[in-house]
Amino acid sequence: MFYLRGCGRWVAASFTKQQFPLVRLSSDSAAPRTPHFDVIVIGGGHAGTEAATAAARCGSRTLLLTHRVDTIGQMSCNPSFGGIGKGHLMREVDALDGLCSRICDQSGVHYKVLNRRKGPAVWGLRAQIDRKLYKQNMQKEILNTPLLTVQEGAVEDLILTEPEPEHTGKCRVSGVVLVDGSTVYAESVILTTGTFLRGMIVIGLEMHPAGRLGDQPSIGLAQTLEKLGFVVGRLKTGTPPRIAKDSINFSILNKQTPDNPSVPFSFTNETVWIKPEDQLPCYLTHTNPKVDEIVLKNLHLNSHVKETTRGPRYCPSIESKVLRFPNRLHQVWLEPEGMDSDLIYPQGLSMTLPAELQEKMITCIRGLEKAKVIQPGYGVQYDYLDPRQITPSLETHLVQRLFFAGQINGTTGYEEAAAQTESCPVARLECSDMISQVQAILLPQPSLVAGTAGMHHNTQGVIAGINASLRVSRKPPFVVSRTEGYIGVLIDDLTTLGTSEPYRMFTSRVEFRLSLRPDNADIRLTLRGYKDAGCVSQQRYERACWMKSSLEEGISVLKSIEFSSSKWKNLIPEVSISTSRSLPVRALDVLKYEEVDMDSLAKAVPEPLKKYTKCRELAERLKIEATYESVLFHQLQEIKGVQQDEALQLPKDIDYLTIRDVSLSHEVREKLHFSRPQTIGAASRIPGVTPAAIINLLRFVKTTQQRQAAMNESLKTDQCLRDADRLQERQL
């Protein structure tokens, strides 16, 4: 007979588009078999979906556990992707064949590149997203991914077994226990729990245990992690109210139009799904002294602001901004939530005041005098685990084969608390029954919205999924260093420095940002992802190889073409080149001028440059390569120096608290023991680890390597002597 497992609804992604319940075949007399997968991913938000599909792309049989399948792809509070720093992360996730960039190119309503006034190394690709379209496209992708199974269910506990002797850790994870008591086994487990670990929702003075409105927090799992010895912290975040679109006076506000042409996020797309003229605009307004007055007079009604829990520094609530920066006007961007949505998202107005005060504040702002609040803003407080307890592969030090990704590691973001509805506006609600009334109006039935805000989570999800799969096949971990990508900077910052507030990526955190640009993420990561991780498709790999060889060939050709400056001036009159230069000038140097591009160069020198203008992306990338040519040479030398430090591996089994062969202070020993850096470079970035300690560690590593090399040589010599003795015996 066919046995349908009763521990939740199963959905099996297969090679066909039609979906069937997952059934397990057994004989009439046999007991049902316990499900077993290579990788289990807990949580269906941004980190979870990226982790699950990455593991499946690597060839692992993967299970994605989420509360509700039909809410996979439901977007976070901010219906947007990318930005300065985060746009780089999106490109890098796409270079590893991740989902979010491709889905955004199919779902955006407003595409714009930020930071255009600066160089292309720090441009930030950003898009406003249609919530409904994104959800549809993400579900289609997830439910049709080969080797990926999706199950509805909540995880209550972890199954732990004896550790593997060749790896560090007190135990090994081998599966999960669901809330109904059933078990699912796996070789690796990834936690992407978002704000659900002992989550608490706050509106005014009211606090309600929940991971999101209408959903219970994860208590059992949080207790298990604490008992295992993980250091747990507490963070908070929030979301702004939603405003009815037809109640806003847009005519008096500053209008922001999308770029023309729109720049896609994914390297596989030449353009986005929608023409620039069909995209929706955004609008800018500002707060005023009346807003400050309402905040300051009602601090006693806002427990979220008064709490000692750390909130986001770079995306704070309006209450925090008023307190930190008094007597200032703050930007409020009015952003659309979809092509056919009646809601506007007021970015910059995250707040947790009682609903009646939120409405009063909103109507004080220019353009919003008659605004109608559809959903009030609220705050969320939740547990996170100190990220210094994970390795650069995102596997935990304490529990083997257990990986963390997303907000559990302390990065910014927020899972949306309620499925958006197009009707039933929220009236002026009393603080005492706020939670229940918001649930009644916005959630006809409990809704789990699977989605976290911020590219930080997608990034970690991809890396965790890849490494969980590699761990199953006992292959070396896939680690991106600080010299290879923004992904490496993000993970290195978390694992060496930790965080006491929600971490956010900026270009200023990156030492080698001239080399780690959005345009060259495929050259930096796609080739590695294909060869070292197996997470990249053959088609994407071949495209990256073609682009790499085309760029190298184009740069070589541009270097080979040389004319006098006066001839260049005649060929391209608009170029501001000095005709007094005596030495010949290369075409590559002419391309560096702002007013010159590949099209103008090809008109001046049709052969052999014309063919490089046929692909718009190639022509633009050649221009960028020319712009940074001179400074990149020096930066590459610096990168080599850093890579030498990173190449000096520290022993994984080193006990910093008891080792006698190296002189270290007690404080340094404790910091190294807690963070467990894998290289000398990582150890040098830990706060409190002194230069003297690094020098002593360096001596220890070199001495250890010399001893190991001598031992290996001795063993090799002994083996040669034994082989010679055996040969002599056979001859005799």
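This briefing walks through selected local features of the structure above, grouped by topic. The model is predicted.

- You will find Asp 105 in helix 3, which covers residues 100-107.
- What does the side chain of Asp 105 make a polar contact with? One partner is the side chain of Asn 269, at 2.9 Å.
- A polar atom of the Asp 105 side chain also lies 2.8 Å from the backbone nitrogen of Phe 265.
- Once neighbours within four places in sequence are set aside, Asp 105 is in contact with Tyr 111, Pro 264, Phe 265, Ser 266, Asn 269, Val 272 and Trp 273.

- Glu 335 belongs to strand 19, made up of residues 331-336.
- Is Glu 335 buried or exposed? Glu 335 counts as buried because its relative accessibility is 2%, and the limit for buried is under 20%.
- Glu 335 and Tyr 345 are 10 residues apart along the chain, with 5.1 Å between their C-alpha atoms.
- Beyond its neighbours within four places in sequence, Glu 335 has contacts that include Asn 78, Gln 128, Cys 282 and Leu 343.
- Ile 344, Tyr 345 and Gln 347 are also among the contacts of Glu 335.

**Aromatic rings and charges over them**

- How many aromatic pairs does the structure hold? There are five.
- One of the pairs is Phe 250 with Tyr 283, a tilted arrangement with 4.5 Å centre to centre and 40 degrees between the planes.
- This pair links distant parts of the chain, its members being 33 residues apart.
- Phe 250 sits in the loop between strand 16 (242-244) and strand 17 (254-256), whereas Tyr 283 is in strand 18 (residues 282-286).
- Tyr 283 counts as buried because its relative accessibility is 14%.
- Over the face of Tyr 503 lies Arg 509, at 4.2 Å from the ring centre.
- In the case of Phe 563, the charged end of Lys 567 sits over the ring, 4.1 Å from its centre.

**Cis peptide bonds**

- Asn 260 and Pro 261 are joined by a cis peptide bond, with omega at about 5 degrees.
- Pro 261 falls in the loop between strand 17 and strand 18.
- Glu 607 to Pro 608 is also a cis peptide bond, and its omega is near 15 degrees.
- Pro 608 lies in helix 18, residues 606-609.

- Asp 97 has a positive phi, near 70 degrees, although it is not a glycine.
- The loop between helix 2 (86-95) and helix 3 holds Asp 97.
- With a relative accessible area of 9%, Asp 97 is buried.
- Arg 401 is a non-glycine residue with positive phi, near 70 degrees.
- Arg 401 is placed in the loop between strand 23 (399-400) and strand 24 (402-404).
- Arg 401 is buried, its relative accessible area being 1%.

Definitions and conventions. Residues are numbered from 1 along each chain as its sequence is written. This is a predicted model: local features need pLDDT of at least 70, side-chain atom pairs count only at pLDDT 80 or more; totals for chains, interfaces and linings use all residues. Side-chain values use heavy atoms; hydrogens and water are left out. Helices (H or I, at least four residues) and strands (E, at least two) are DSSP runs, numbered from the N terminus. A polar contact is a pair of N or O atoms within 3.5 Å; within protein, one must be able to donate a hydrogen and the other to accept it, and residues adjacent in sequence count only if both atoms are side-chain atoms. Contact means heavy atoms within 4.5 Å. Rings of Phe, Tyr and Trp (its six-membered ring) pair if their centres lie within 6.5 Å; planes under 30 degrees apart count as stacked, over 60 as edge-to-face and the rest as tilted. Buried means under 20% relative accessible area, exposed over 50%, partly exposed in between (1.4 Å probe, protein chains only). A charge sits over a ring if NZ of Lys or CZ of Arg is within 6 Å of the ring centre and within 35 degrees of the ring normal.
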